[in-house]
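I opened this structure for a look around. These are my notes, in the order I took them.

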Amino acid sequence: MNKKKTYISIAGMNFKGMLKIAGIFALGITFTGCQGQLSEKPPIHPNMNMDQQPRKEAQEVNNFFADGRSMRQPVEGTVARGLAKTDRAYYEGVDENGEFITEIPVDLTKSFLYRGKERYEIYCTPCHGQTGAGNGIIMEGGYGYVPAPSYHDQRVRDLSDGELYSAIYNGVRTMPSYATQIPVEDRWAIVAYIRALQESQNISEEEIQEYDIDVAALQAEAVEEQARLDSLAAAREPQEAPEATIEQGQEAVTANACGTCHSEDGSAGIGPTWAGLFGSEGEVITAEGETITVTKDADYIRESIVEPNAKKPVDYAQGVMASYSYLSDVEIESIILYIENLDN
């Protein structure tokens, strides 16, 4: 009797196992048969995990608001945490009255100056050159840019630190703003390095003697470098000097972007118009601050090109024009011819 029950129990267990196997096999066939079939029912999503939210995408219409916009303006007066920028001296280079500050509001350290040197060489040397003389590769490449001023001109040396910072932050004349490329701390580092460049190029021999520097060796290197540059310049000069022409003057005007500041039709600009300029008389302010009347002839125009601050027109006494002394005599003579013949 016991053996019989045992046999029946074992047979029942085997039957149940076979049913399970058959069920699993049938389920697999069912899933396989569903592949590639479309269903109008939503997919099964047991755990939502906030995947579906009653929210609006950017630019999506939102009828909840009168203007229908999903993207809302911050509440008036809202300032993101850490972006208050209440320190105007640091962020804008001006004091509470809007006047440019005179000194850099950052501690000057050796590492800070080296950071300024690195950033300067990345962003500034293409126009202002390695020494700040305004002779960067873009300025000397004939690309038609308004020449960058030399940092060693007295006008630029007299600028406050806040004004130099503002030129980087806001841009000035044809120089664009670098606010998006250069962070605030790096802007001040560049200003500090510009001051270092100015000191390095405008130091007296007595001051140099205070340091352990071989002045004679530096002078010899400078002479050798100047000789090399003179040799390169001589090699570029044509064997026969060309004559000045109106056509060459027009080319020089275009190549040096003179039209950015000077108009030829009498319209107002950053600088005086060239219409009716040649042979006219006008008041100018000399470098010594004296107001005199001059005839704007060839000599005056030549001086204005080479030394623009020597005699500044009264109406344009801000003195923003850079020196074009790098132009050849033929180019200057051609520009004068071009201006002289504008009214013909």
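I started with Arg173, which counts as partly exposed because its relative accessibility is 41%. My cut-offs: buried means under 20% relative accessible area, exposed means over 50%, and partly exposed is in between (1.4 Å probe, protein chains only). I placed Arg173 in the loop between helix 7 and helix 8. Helices here are DSSP runs of H or I with at least four residues, strands are runs of E with at least two, and both are numbered from the N terminus. Phi of Arg173 is near 50°, a positive value in a residue other than glycine. Most residues other than glycine have a negative phi.

This is a predicted model, in which local features need pLDDT of at least 70 and side-chain atom pairs count only at pLDDT 80 or more, while totals for chains, interfaces and linings use all residues. Residues are numbered from 1 along each chain as its sequence is written, and side-chain values use heavy atoms, with hydrogens and water left out.

I looked up Gln59 next. Its phi is also positive, near 70°. Gln59 sits in the loop between helix 1 (2-34) and helix 2. Gln59 counts as exposed, because its relative accessibility is 68%.

Then I turned to helix 7. Is it enclosed or open? Helix 7 (residues 161-170) is largely enclosed by the rest of the structure, because seven of its ten residues are buried. I listed them: Asp161, Gly162, Leu164, Tyr165, Ser166, Ala167 and Ile168. They pack against helix 2 (88-92), helix 6 (154-157) and helix 8 (184-201). Gly171 follows helix 7, and its phi is positive, near 80°.

His128 came next, in helix 4 (residues 125-128). Its relative accessibility is 11%, so His128 counts as buried. What does His128 touch, leaving aside its neighbours within four places in sequence? Contact means heavy atoms within 4.5 Å. I found Tyr120, Ala133, Gly134, Asn135, Gly136, Ala148, Pro149 and Tyr151. The side chains of His128 and Tyr151 are joined by a polar contact of 3.4 Å. A polar contact is a pair of N or O atoms within 3.5 Å; within protein, one must be able to donate a hydrogen and the other to accept it, and residues adjacent in sequence count only if both atoms are side-chain atoms. I also noted Ile138, ten residues from His128 along the chain, with 8.8 Å between their C-alpha atoms.

In helix 12 (residues 298-306), I found Tyr300, Ile301, Ser304 and Ile305 buried. These buried residues fall within an arc of 135° seen down the axis of helix 12, so they line one face of the helix. The arc is that of the directions from the helix axis to the C-beta atoms. Their cover includes strand 1 (281-286), strand 2 (291-295), strand 3 (311-313) and helix 13 (329-340). The N-terminal end of helix 12 is capped by Asp297, with a side-chain oxygen 3.3 Å from the backbone nitrogen of Asp299.

Last, I took down the totals. The protein has 13 helices and three strands. Of its 344 residues, 26% are buried. Among contacts with a separation of 6 or more, 50% come from residues 24 or more positions apart.
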